[in-house]
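User: Hi! Could you walk me through this structure, one question at a time?

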Amino acid sequence: MTNETQINEWLESKTITKAQAQKMIADVNERGKEEKSSKLITAISIIGVILLGIGTILFVASNWDQISNITKVIILVGSTFAAYYTGYLLKYQKGQSPKVGAALIFLGTLLFGASIFLIAQIYNINANSHSLILIWLIGILPLVYAFNSQPIALLSSLLFLTWIGFFIFRNGRFSEHIIAILPTIYISAGTLLFSIGGIHYFKPELSKIARIIRIIGIKAAMISLFLLTFNFFSGYGGNYWFSSPRVIANLSSQTVTGIVLFSAISIIGLFVNMFFNPAKSKINTIENGTALGVLGFTLIFFFFPVASTLYTVLFNLIFVGLVLFLIYVGYEKYDQKMANMGIYWISIFVFAKYIDFFWGLMDRSIFFLVGGIILVLGGLAMERKRRQIKADLTKINN
Amino acid sequence: MNKNRIFIIIGIFWIAIIGGFIAYKEFTLQTGQEVLLKTRPVDPRDFFRGDYVILQYEISTIDTESLSLKGSDFNKEDKVYVTLDIDENKIGTISDIGKEIPSEGTSIEGTVRNIRGDNINVEYGIESYFVAENTGQEIENNLNNIYVEVAIDKFGNAVIKSLVSK
């Protein structure tokens, strides 16, 4: 985007006249004020609708005995449609308050979920029922595309990941076997979101939706990969063996089917993105290839466990490599957020490994002193690097 | 397709989901056979949805040997139909279990969750009962003689109607 520095450079090189420069500077400043005001309106609207949503739900909850079931349903379902309709009116029909309208449509999706849970409660449907999350997700998914809504795309992606967790723990049992395989499940789910997000890029008008879905996918996969750098999740530890073939035998067939299905769809999606993406850039090929590699290695780990720390070591190497790759991709694609994500994860990784490795080895006081020094110096270095990347990206953008 | 049409289609879609959900449960409540099931309580507290009592029933744990069957006849996650004998007080007790719904009698659909030897644990989808806030503990303390009144429809689906003290 044009800024004052660039305009002054053009003035100095006599590309534009002084009058033109003054007009351009005035326009840039005006646009800047408008953008700030627009962001403020969006923020206030979103806070407002969240408060409205919470208020409606709490009203029903706190007057549970005083209100009949039918009245509860009417209040909540009525509020859902009121928010949806009003939001639609403001954004598309009248058109004068599009941001407030979008926020109200988003509130409608939240109240839709609340309505589902309320009805489930009225009929005493099992509290840990994963199907309620799935119904909520199915209900709001069309709105992502109907209104090209990034917040609803974000909510849908999070609901998908939440549904997986509810499904895995549907028996209410938190056994070591189940917890140990969570990273594998979420890497396949995260890769699925990443590949589906990539396919959205095929339609330019869905590019913002694509980005949101891909980022959620990356985050889910990164958290899972981070967990796999620890012995508990990828090696031999304590009284239980993740490496035991009994672990897979103890899992339900639905869980194993889920992992295979998500992975199969992800692999197809990643290949499609690699070879048919309109962008056809080198970065796109490397990104999808990397995702394939991470997924493939995780599946090998899951189906061919080994009673040693070999996989733990390999996952640590993969994680570090991936994080450095994130920073590189952020730089190449002028994507500040992605570069920051990479820096953030390097910090978490170093800090976690420091605790993991040195906690038992050092005297407590030395542990905290050294840890503090590393964090302060590391923080300074990271901040300097982040500013440097930001400056470089800003220069390139201009 | 213009935005008006999309808006209306989505509205109808939401009504279909919510209406369908209510209709599915109301069908069981209105057409189902009323049965009383003896309970064994477990533990209350759903953090996000107010107080609820987790219920276990006498029919939740089935000794397959007493029905001339074995635990190895079943696998985890199997869908089963438990046929109930209903006495003159409407209290239901197990008379049989199978993987297909019988053509006669009242059967409740469940899912096998755990198998220990010849004992199998079955979940019926009626293990939560939502109560007014802070009353869950009081109910739990008096669960010695509590029966749960459920409606079971012809497909084996069950919905809790109320708690009954006997």
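User: Is A:Arg214 buried or exposed?
Analyst: Happy to start there, with the note that this is a predicted model. A:Arg214 has a relative accessibility of 6%. Buried means under 20% relative accessible area, so with its 6% A:Arg214 counts as buried.

User: Which residue forms a salt bridge with A:Arg214?
Analyst: The pair links distant parts of the chain, with A:Arg214 in helix H8 of chain A and its partner in helix H12 of chain A, 73 residues apart. The closest N and O atoms are 2.8 Å apart, and the partner is A:Glu287.

User: How many cavities of 30 Å³ or more are there, and how much space lies in the largest cavity?
Analyst: Rolling a probe the size of a water molecule over the atoms shows where empty space is left. The count comes to 1 cavity of 30 Å³ or more. The space in the largest cavity is about 260 Å³.

User: Which residues that line the largest cavity are the closest to its centre?
Analyst: Helices H7, H8, H12 and H13 of chain A each supply at least two residues of the lining. By class, that lining has 12 nonpolar, 4 polar and 1 charged residues. Of the 17 lining residues, the closest to the centre are A:Phe194, A:Ile218, A:Glu287, A:Ala291 and A:Leu322.

User: Let's turn to the second largest pocket: which element gives the largest share of its lining?
Analyst: About 830 Å³ of space lies in this pocket. Its lining has 30 residues, and nearest the centre are A:Ser129, A:Ser131, B:Glu109, B:Thr111 and B:Gly125. Two or more residues each come from helix H5 of chain A and from helix H1, strand S6 and strand S10 of chain B. The largest share, 5 residues, comes from S6(B).

User: Which residues are joined with B:Glu34 into one network of salt bridges?
Analyst: B:Glu34 and B:Lys161 meet in a salt bridge at 2.6 Å, N to O. B:Glu34 sits in strand S1 and B:Lys161 in strand S10 of chain B, 127 residues apart. B:Glu34 is partly exposed at 26%, and B:Lys161 is partly exposed at 33%. Through shared partners, B:Glu34 is joined with B:Lys90, B:Glu149 and B:Lys161.

User: How far apart are the closest N and O atoms of A:Lys23 and A:Asp27?
Analyst: These residues are 4 apart in helix H2 of chain A, so they are separated by about one helical turn. A:Lys23 is exposed, with a relative accessible area of 52%, while A:Asp27 is partly exposed at 36%. They form a salt bridge, and the closest N and O atoms are apart by 3.2 Å.

User: What is the phi of B:Ser68?
Analyst: Most residues other than glycine have a negative phi. B:Ser68 lies in the loop between strands S3 and S4 of chain B, and is exposed, with a relative accessible area of 68%. Although B:Ser68 is not a glycine, its phi is positive, at about 60 degrees.

User: Which helix gives the most to the nonpolar patch on the surface?
Analyst: The patch is formed by A:Ile199, A:Phe202, A:Phe271, A:Phe275 and A:Phe276, with about 500 Å² of accessible area together. A:Ile199 is found in helix H7 of chain A and is partly exposed at 37%. The most, 3 residues, comes from helix H11 of chain A.

Terms used:
Residues numbered from 1 in each chain as written. Chains lettered and ligands numbered in written order. Predicted model: local features only at pLDDT ≥ 70, side-chain atom pairs only at ≥ 80, totals over all residues. Heavy atoms only, no water. Patch = residues over 30% accessible without salt bridge, like charges linked within 9 Å, V, L, I, M, F, W, Y side chains within 5 Å. Areas by Shrake-Rupley, 256 points an atom, 1.4 Å probe, with all protein chains shown as cover. Salt bridge = Lys/Arg side-chain N within 4 Å of Asp/Glu carboxyl O. Buried < 20%, exposed > 50% of the residue type's maximum accessible area, 1.4 Å probe, protein only. 1 Å grid on protein atoms, 1.4 Å probe; cavity = no way out; pocket = protein on both sides within 12 Å on 5 of 7 lines; lining within 4 Å. Points joined across faces, edges and corners; volume = space filled by probe spheres on them. Nonpolar A, V, L, I, M, F, W, Y, C, P; charged D, E, K, R; others polar.
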